[in-house]
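Here's a quick briefing on who pairs with whom in this one.

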Amino acid sequence: MTKIPPYLKPGDLVGITCASSKMEIEAAQFAARVLESWGFRVRMGKTVGTSWNNFSAPDDQRREDLQLLLDDPQVRAILFGRGGYGMIRILDDLDLKRFNDQPKWLAG
């Protein structure tokens with residue numbers, strides 16, 4: 001059964017992470033400014049603006065960064081800076097219990 005998260009409203013917290021490929025910090029900062037101009041609060045993950053080979057960070061750091069955003073009840077949506085193979089490498093290690101109990105928007 002599909003669960004639809006609550007629609008976003010001004011004041012909601014949106015997280016940005018790079019759970020796969022790297023993203024330049026300037027691009028993420030631009031996205032954050034746009035989101036803030038729409039009335040959202042923004043939390044940048046630790047993997048935003050970092051680089052490790054073709055990824056933003058080693059697998060364990062990318063997984064930890066995403067897990068923190070998934071588990072945080074204040075975060076209403078998560079935006080992924082870039083997609084790619086890196087997500088497949090960490091997907092099976094994520095704990096989705098809290099996410100299933102309190103779904104949030106995932107986009108990227």
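Aspartate 59 comes out partly exposed because its relative accessibility is 23% (buried is under 20% relative accessible area, exposed over 50%, partly exposed in between, with a 1.4 Å probe and protein chains only). This is a predicted model, where local features need pLDDT of at least 70, side-chain atom pairs need 80 or more, and totals for chains, interfaces and linings use all residues. Numbering runs from 1 along each chain as its sequence is written, and side-chain values use heavy atoms, leaving out hydrogens and water.

**Salt bridges**
- The whole structure has six salt bridges (a side-chain nitrogen of Lys or Arg within 4 Å of a carboxyl oxygen of Asp or Glu).
- Aspartate 59 pairs with arginine 89 at 3.0 Å, N to O.
- Aspartate 59 sits in helix 2 and arginine 89 in helix 3, so this pair ties together parts 30 residues apart in sequence (helices are DSSP runs of H or I, at least four residues, and strands are E runs of at least two, numbered from the N terminus).
- Arginine 98 bridges to aspartate 71, with the closest N and O atoms 3.8 Å apart.
- Shared partners join Asp59, Arg62 and Arg89 into one network.

**Helix 2**
- Helix 2 covers residues 59–71, and its buried residues include Arg62 and Asp65.

**Serine 20**
- Serine 20 sits in the loop between strand 1 and helix 1 and counts as buried because its relative accessibility is 3%.
- A polar atom of the serine 20 side chain is 3.0 Å from the backbone nitrogen of methionine 87.

Terms used
Expected span 1.5 Å × (residues − 1). Polar contact = N/O pair within 3.5 Å; in protein donor to acceptor, adjacent residues only side chain to side chain.
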